[in-house]
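Visitor: I'm new to this one. Could you walk me through its pockets and cavities?

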Amino acid sequence: MTEPLAPALVARVATELSLNPQQVISTLALFAEGATLPFIARYRKEATGGLDEVQLRDVRDRGEYLREMEERRAAILKSIDEQGKLDDALKATILAADTKQALEDLYLPFKPKRRTRAMIARERGLGPLADALWEGGLDDVALQTKAAEYVLPEVDGKPSEVPSADAALQGARDILSEQIAEDAVVRGWVREVTRAKGVVKSTVIADKKSDDSKFKDYFDYSEPLGTIPSHRMLAIRRGETEGELLWRVEAPLEEINARLAREVIGARRASAQLTLVATDAYKRLLAPAIEVELRVELKTRADDEAITIFGRNLEQLLLSSPAGEKRVVGLDPGFRTGVKVAVVSATGALVHTDTLYLHQEDRFAGAIRALITRFTPELIAIGNGTASRETETLTKAALRELDAPANGERPQVVVVNEAGASVYSASDLARAEFPELDVSLRGAVSIARRLQDPLAELVKIDPKSIGVGQYQHDVNQSRLKQRLDDIVESCVNRVGVEVNTASAALLAYVAGIGPGLAQSIVTLRDSKGGIASRADLKAVPRLGAKAFEQAAGFLRVRGGSHPLDSSAVHPERYALVERMAKDLGADVRSLVGNDTLVDSIDLSKYVSADVGMPTLRDIVAELKKPGRDPRAAFEPPAFREDLTKPADLLPGMVLEGVVTNIVAFGCFVDIGVHQDGLVHVSQLADRYVKDPNDVVQVGQKVKVTVQSIDLARGRIALSMRKDAGTPGAPAARADAGGTRGDVRAHERTQERGSNRT
């Protein structure tokens, strides 16, 4: 079990996050006991004071940071003490340090390192000369005379290690340069000045200069270090990785050198020597070290922003509206290899596969009509990749020629984002699900199923392959995985999982389960022909009391032996609900879904030491709508059938589209022409927008106006402003700088607008 934080650190977390200290203590205690974030957020509201998942995550992460900092502090104190250099003043300074960086600055002079020029100078006996220079009593002339005393003769014909007074002074300066560069105070202010006034500067590698480069906007580019946004920083870093750009941090040299010289010289008399010391300390030691630190800091900051954007987009995509239990034909479009067909039942079971060819139009149409007659699907899902619109056009034409079904309704055609389907097709999970099925047909199954339930299908795919991120392959992969795992787990548990139909991949994300237990649940389910109640889960091998406590409330057993098994009411509260029903003279089954009866419950009667009003209100909400899916109702977009490629577009067209990705500088919208268009942040609304997420979310249907089409660069500029079609209205310009583009001119406009707001 993790040791609890000291009271002072608890108070610090509480202050930083504007929470009550008891909330922090209770939250960290729950995490230390092995409770999962979704479980704490849903079922332990009384203990945490109703903290939501974001607040709980912040408490967990900040607590972990401070715990690691305390471990590092202890290690540093031990190391310096073992060197015999830990006095009371230094110990007090180390104990007062409040960041990891401050600790490392204090430890730097004592940190074991390879031999430096200063070490060599001390070995040659030049320490006293350096002390004399630093004490300041000698001027430059007197110091030159004193330095002559440290000249060493040749030994056995070997050259002297200190052949002259100038060499002695050089050694003394080396000692002082290192001393200054390792001073925590000096290092701190140099870092802060550079951070506040430094500039990120990128240049093109001479032989890589090309007008076709996606990095051409960064061939000669600079922006303040403190304000450069994540997508531009990541674009510059990618340009460096791909060998087209070089970049550096340019510090305010005049200001730093002038201040450093003043502090080093002070009242000391040897100003010429000390000026050389200050210059060397900064240029040789401080500047490179601080630049490395700030480059890491810039990457960390850009990573954090990109990971936040990715996580937010992923959450919105995972919670996209499900079509539900409907029979679906999935079509994975293709020209040369054909359109792969997969028919799935209402529960997602594969019932038929085929391959059709677009160039055989009559045969294609006949096959589509035959599939509909034979399997009576309610929906046709078409992947949005290559040949998508051609497949959609032929499919709809075939439907128009189909005799009206008995129910009078033809299946609805829906274009589905197929990002990641090919990754799933070749995965071990897909091979396990469909060992005999050709890899090319598995993608059609995924497309059909993700229309039925996006969450259940997308959890089978590495989130980085789903296509809703920004430079996801460039950011810190361990931090990205942690955040994405948190997001997927949160979404799965928010929706709930039907234990008798869920895949092992979906069950693995239920709080407290994991891959091993998920497979054990599936094995038990298959051997018993289904799980009859939540209580049956206790028979799953290795699923102990703790795992059951964490998972049970998120697992649904439709038609289970207990009427609450299909709800989000936790089994630990079944007895409480039974008591409520008994007090009303009813049974639990008649209470579920009966709003009138539920509204008559006097909740105040059931408040106890461990059950407060937050939990009671959650129970009442579940009793009214047990197992309610929090996702919005399914409603597919309507693309114009006459527009199938970017060349069909004209400026001024008003179209319906679907938001596919949100980035720091705007959002991308699928308008049904194979190429997503960019709505820059300046074009999202008729007002100033700082964060695109304030206006749009992934999967949202939007109305957009086409502003410009750049066929050569594959870019479409769109607007959601009401005045977008008005002559003279500002137009978005899609410049390079992101994976799919960057719009710097309009960002500057936005920044000016921010200053006015």
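Guide: A cavity is a set of points, on a 1 Å grid over the protein atoms alone, where a 1.4 Å probe fits but cannot get out; lining residues have an atom within 4 Å of a point. This is a predicted model, where local features need pLDDT of at least 70, side-chain atom pairs count only at pLDDT 80 or more, and totals for chains, interfaces and linings use all residues. Residues are numbered from 1 along each chain as its sequence is written, and side-chain values use heavy atoms, with hydrogens and water left out.

Visitor: Which residues line the largest cavity?

Guide: Arg-42, Tyr-43, Ala-568, Val-569, His-570, Glu-572, Arg-573, Thr-615, Asp-618 and Ile-619.

Visitor: And which element gives the most?

Guide: α29, with three residues. Helices here are DSSP runs (H or I, at least four residues), numbered from the N terminus.

Visitor: How much space lies in that largest cavity?

Guide: About 90 Å³, where a volume is the space filled by probe spheres set on the points, and grid points are joined across faces, edges and corners.

Visitor: Switching to pockets: how much space lies in the largest one?

Guide: About 1,200 Å³. A pocket is an open set with protein on both sides within 12 Å along at least five of seven lines. Of its 37 lining residues, Arg-57, Asp-58, Arg-60, Asp-61 and Arg-483 are the closest to the centre.

Visitor: Which element has the largest share of that lining?

Guide: α5 does, with eleven residues.

Visitor: What about the second largest pocket, how much space there?

Guide: About 1,000 Å³. Its lining has 36 residues, and Asp-453, Ala-456, Glu-498, Thr-501 and Ala-502 lie nearest the centre.

Methods. Helices (H or I, at least four residues) and strands (E, at least two) are DSSP runs, numbered from the N terminus.
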